[in-house]
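The sequence and structure come first, and the description follows.

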Amino acid sequence: MDNPSKQVWITGIGLLSAAGEGVASHLDALDNAAGAPLIDAQGFAPYPIHPLASINMAAQIPKKSDLRQMEKWQHIGVYAAGLALDDAGIARNPELLGKTHLVVAAGSGERDATVDAKVLEAIAARGDTDTEISAKEILPTALRPTLFLAQLSNLLAGNISIVHNVTASSRTFMGEEMAGLSALENAVRRIAAGQADLILVGGALNAERKDLLLGYELGCNLWSHPYAPVWQRRAAGGGFIPGSAGAFIVLESSEHAKARGASPYARVVSVGTDRAQRTEPGQIRRVLQQLFKRISASLSPEPIAVLSGASGVEPVTQEERDFLDDLESDGFTPAIRAYGSRLGHTVEAHFPLGISIGALALSRNQLFAPSPGDDVEEAVSSLPQRMLVTGVGHWHGEGLALLERVNGGRVS
Amino acid sequence: MARNFKDSQGRTVVAVTGTGLVSSLGWGKAANWAQLKAGQSGIKTITRFPTDGLRTTIAGTVTRADGQPPSSAPELTLEMAQSAANEALLEAGLTEANGFPGPLFVATPPAELEWPQRKALYEHPCAQDLTGYDRLLAAARSGAFKQMFENFQFATVADHLAVALRPRGLPISVSTACASGASAIQLGVEAIRRGDTDTALAIGTDSSVQLEALIRFSLLSALSTRNDPPDRASRPFSKSRDGFVMAEGAGALVLESLESALARGAKCIGIVRGCGEMADDYHRTRSKPDGTAIIGAIRNAMLDAGAAPEEIDYVNAHGTSTPENDKMEYLSLKAVLGDHLEATPVSSNKSMIGHTLSAAGAIEAVLSFMMMENGLLLPTINYDEPDPDIPLDVVANAARRGVIKTVLSNSFGFGGQNAALVLAAAD
């Protein structure tokens with residue numbers, strides 16, 4: 001592209017999590033750090049999870065037929081996408097929706113745990129060699145035909161198009177946390193280069209699924225002890241507490257936003273991503289250092305707020321702490337908050353969630369209260385002008401986003 | 001004569017300098033081409049798992065070098081992608097010791113555990129009397145299945161490819177269902193046009209022929225049930241078509257700014273002139289009856305390419321052989337190409353190699369470039385009873401000689417994600 005780079009603004013935010021729905025309830029929950037985080041310690045024991053707040057899905061998904069064709073993962077995502085479109089003033093505006101591009105970070109939907117258990121019991125009863133015979137006999141009558149459509153990664157995007165009429169284009173990125181990193185980086189680059197003016201980007205996770213937990217726990221990644229903030233899990237080996245959440249943001253070129261009278265929560269200055277090999281200690285820290293250099297090229301040392309997407313998985317989380325210590329040594333004086341301590345680790349949705357919360361903090365000019373009980377998160381009197389959002393995958397993938405307050409922007 | 005390195009819209013011209021291919025007909029472009037031009041089918045009776053009692057018992061499965069079935073879909077998905085990528089990189093002359101010098105975009109199906117893996121977990125010794133997922137989770141917690149973790153993440157295929165190919169940055173996994181392969185190419189083209197990179201590797205790969213996936217598509221009534229003989233089942237644009245045939249394969253393309261390709265002395269195989277997409281908001285498996293989104297995707301590709309309908313010499317159709325797709329695709333082509341459609345040959349590779357799902361867009365782009373290079377249009381086999389409602393110039397049953405400079409290649413996905421590419425010959 002020959003165009004000089006365009007400014008990328010965040011003009012809409014849609015959030016749904018254990019903290020409830022919408023911007024205000026998230027601000028309240030994050031401010032109330034002394035209060036106990038919302039945890040379900042029993043339902044998936046020994047794994048605590050952050051369950052979704054009780055939500056009337058019909059508020060954003062009015063048609064019963066649409067609700068029936070989706071599973072909870074898709075409900076969460078479609079709902080959050082609708083909130084973001086509403087918040088940006090795009091919802092139900094055919095002209096704007098027709099030029100809104102959709103970028104979704106997705107895993108996949110639910111399995112039918114009852115059917116799976118039935119097949120496993122049949123396999124166990126039959127003995128060794130007949131694995132697929134049992135599955136073949138049970139599945140054709142037990143599986144609901146529409147369940148498949150709730151399992152395909154790209155069908156969250158498909159349902160957002162159907163329910164909210166977002167139609168310019170639709171792309172789904174996969175790959176756990178890497179999905180969220182890729183989605184954001186790609187969307188920001190497209191707008192900066194003039195390849196799109198308006199992009200709805202985000203993701204969703206339904207943590208309340210044993211089949212989903214299984215995928216993570218194969219690698220022994222889950223926290224199976226009583227709740228602790230992400231920075232305080234190292235002594236027990238680390239691990240993440242999954243959280244149900246949907247996080248969508250509307251990214252818009254500043255020119256387009258100005259022309260339609262939309263004002264921003266914040267500006268996305270830059271997003272950088274990479275993949276450390278993680279074959280030796282220190283590689284994550286080094287990649288984060290390089291990414292920071294790349295995205296902060298114009299910055300001289302100054303205080304910076306850091307909204308960390310740390311998962312609590314070790315030694316990954318410790319390497320991120322080492323990087324944050326390096327920032328301190330380099331004069332950036334980071335004021336750190338790990339939003340996963342409050343809302344859980346939301347995997348594909350985690351980077352979009354962090355960018356949403358970061359933009360909210362900038363727009364109201366105030367950081368959230370620190371999680372009690374450690375020396376990483378300290379109280380600060382004022383919020384710096386810029387916010388760094390980190391995204392470090394529990395398996396692979398590293399990303400950083402730099403956000404900046406827009407003077408005269410939206411006030412939360 | 002000086003080459004023009006910018007297109008009519010002032011953007012970087014994106015060339016293709018290497019391609020690679022795997023399908024149910026074989027590994028590598030040469031093996032595929034010899035059989036495709038002879039109108040041979042790769043569709044066969046499934047032997048990988050028992051199928052008696054199922055409505056569909058055929059697929060375009062890929063046979064591995066050792067003849068053994070893969071241990072899981074991600075394993076074969078990765079092997080095919082690696083093979084196609086190696087072929088493409090070799091042709092492009094980009095087998096550099098320090099890895100591929102650009103980003104990697106991989107169209108791949110969502111990874112998931114299959115029944116053999118669940119069985120292994122279920123049979124793991126368990127102290128308590130647990131059932132269902134509680135038992136599977138207890139097995140996972142033992143730490144004995146960490147290798148399984150690495151093989152069944154959504155990032156697995158792209159991440160393992162990144163280890164082998166060492167591209168720059170984060171490996172990207174993209175899914176737009178059956179349009180994924182075209183989307184991977186589009187992501188690469190856009191990155192080069194932005195000036196993010198001089199080169200990008202786009203791969204589409206899919207080996208979804210596992211028991212549960214077959215049952216799921218079957219429950220949606222999407223598959224052909226014409227099991228015998230298998231090679232007659234996929235019949236795009238025929239009156240008697242009754243569904244698609246699931247198939248496996250991979251296609252890889254090295255995309256490169258024309259300027260940097262020529263500067264390093266690489267051979268230009270062709271040009272990606274334009275990409276277009278549009279999402280449907282009508283239904284999860286059917287397109288809007290008026291074809292708005294499909295028409296929009298094709299029209300956007302033509303606009304992006306700056307191509308007039310008369311410039312399209314050949315359409316590489318999505319042509320799945322489902323009653324719905326082929327009818328809608330015809331109506332949409334008619335809407336965009338108008339009278340020019342009558343004079344435009346159309347064929348669907350899926351008649352021979354089945355529907356390779358996430359890989360289809362990439363495989364069909366590779367074949368489109370081969371057709372332009374060889375001056376030969378691959379046939380649509382099993383075209384014995386033309387559907388009178390689809391009056392197309394189908395390249396029927398036998399390959400046809402023809403000079404083609406510009407190809408329109410369509411890919412339409414479940415979930416309403418539609419993409420189209422305009423591909424051009426090298427000169």
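Which residue of E6(A) stands opposite A:Val201? In this predicted model, the residue facing A:Val201 is A:Ile249.

**Strand E6 of chain A**

E6(A) covers residues 245–253 of chain A. Nine of its nine residues are buried, so the strand is largely enclosed by the rest of the structure. On one side lie A:Ala245, A:Ala247, A:Ile249, A:Leu251 and A:Ser253, and on the other A:Gly246, A:Phe248, A:Val250 and A:Glu252; both faces are covered. In a regular strand, side chains alternate between the two faces of the sheet.

E6(A) pairs with E5(A) in the antiparallel sense, through eight bridges. It is also joined to E1(A), again antiparallel and by eight bridges.

**Strand E4 of chain A and its partners**

E4(A) spans residues 169–174. Six of its six residues are buried, so E4(A) too is largely enclosed by the rest of the structure. A:Ser169, A:Arg171 and A:Phe173 point one way from the strand, while A:Ser170, A:Thr172 and A:Met174 point the other way.

Within chain A, E4(A) pairs with E3 (residues 101–105) in the parallel sense over five bridges. There, A:Arg171 is the bridge partner of A:Val103. E4(A) also pairs across the chain boundary: it runs antiparallel to E6(B), with three bridges between them. Two of the facing residues in this pairing are known by name: A:Phe173 stands opposite B:Val174, and A:Thr172 stands opposite B:Ser175.

| Strands | Sense | Bridges |
|---|---|---|
| E1(A) and E6(A) | antiparallel | eight |
| E5(A) and E6(A) | antiparallel | eight |
| E3(A) and E4(A) | parallel | five |
| E4(A) and E6(B) | antiparallel | three |

**Helix H1 of chain A**

Helix H1 of chain A runs from residue 22 to 31, and its buried residues are A:Val23, A:His26, A:Ala29 and A:Leu30. Viewed down the axis of H1(A), these buried residues fall within an arc of 135°, so they line one face of the helix. An α-helix has 3.6 residues a turn, so residues three or four places apart point the same way. A:Ala24 and A:Asp28 are exposed on the other side of H1(A). The buried residues of H1(A) pack against strands E1 (8–17) and E2 (20–21) and against helices H14 (340–343) and H15 (350–364), of chain A.

**Domains of chain A**

Chain A is divided into domain 1 (8–112 + 146–259) and domain 2 (266–404). Their C-alpha centres lie 19 Å apart. In the contact between them, 60 residues of domain 1 of chain A meet 48 residues of domain 2 of chain A. On the domain 1 side, the elements that give two or more residues are E1, H1, H9 (177–192), E5 (198–205) and E6 of chain A. H9(A) gives the most, with nine residues. By class, this side has 38 nonpolar, 16 polar and six charged residues.

**Chain B and its domains**

Chain B has 13 helices and 16 strands. A compact globule of 427 residues would have a radius of gyration near 22 Å, and the value for chain B is 21 Å, which agrees. Along the principal axes, the C-alpha atoms of chain B fill a box of roughly 75 × 55 × 40 Å. Of the 427 residues of chain B, 64% count as buried. Among contacts in chain B between residues at least 6 apart in sequence, 78% join residues at least 24 apart.

Chain B is divided into domain 1 (14–112 + 153–425) and domain 2 (115–151). The C-alpha centres of these two domains lie 36 Å apart. Five residues of domain 1 of chain B are in contact with five residues of domain 2 of chain B. The domain 1 side of this contact has two nonpolar, three polar and no charged residues.

**Contact between the chains**

Across the interface, 65 residues of chain B are in contact with 64 residues of chain A. Elements of chain B that give two or more residues to this contact include H3 (115–122), H4 (132–141), H5 (146–151) and E6 (172–175). The largest share, six residues, comes from H4(B). The chain B side has 32 nonpolar, 16 polar and 17 charged residues.

Technical notes:
Residues are numbered from 1 along each chain as its sequence is written. Chains are lettered from A and ligands numbered from 1 in the order in which they are written. This is a predicted model: local features need pLDDT of at least 70, side-chain atom pairs count only at pLDDT 80 or more; totals for chains, interfaces and linings use all residues. Domain bounds come from an automatic or database domain assignment. Two residues are in contact if their C-beta atoms, placed from the backbone, lie within 7 Å. Ala, Val, Leu, Ile, Met, Phe, Trp, Tyr, Cys and Pro count as nonpolar, Asp, Glu, Lys and Arg as charged, and the others, Gly among them, as polar. A residue is buried if 20 or more other C-beta atoms lie within 10 Å of its own, exposed if 12 or fewer, and partly exposed in between; C-beta atoms are placed from the backbone. Helices (H or I, at least four residues) and strands (E, at least two) are DSSP runs, numbered from the N terminus. The arc is that of the directions from the helix axis to the C-beta atoms. Two strands pair if DSSP finds at least two bridges between them. The radius of gyration is taken over C-alpha atoms; the globule rule is 2.2 Å times the number of residues to the power 0.38.
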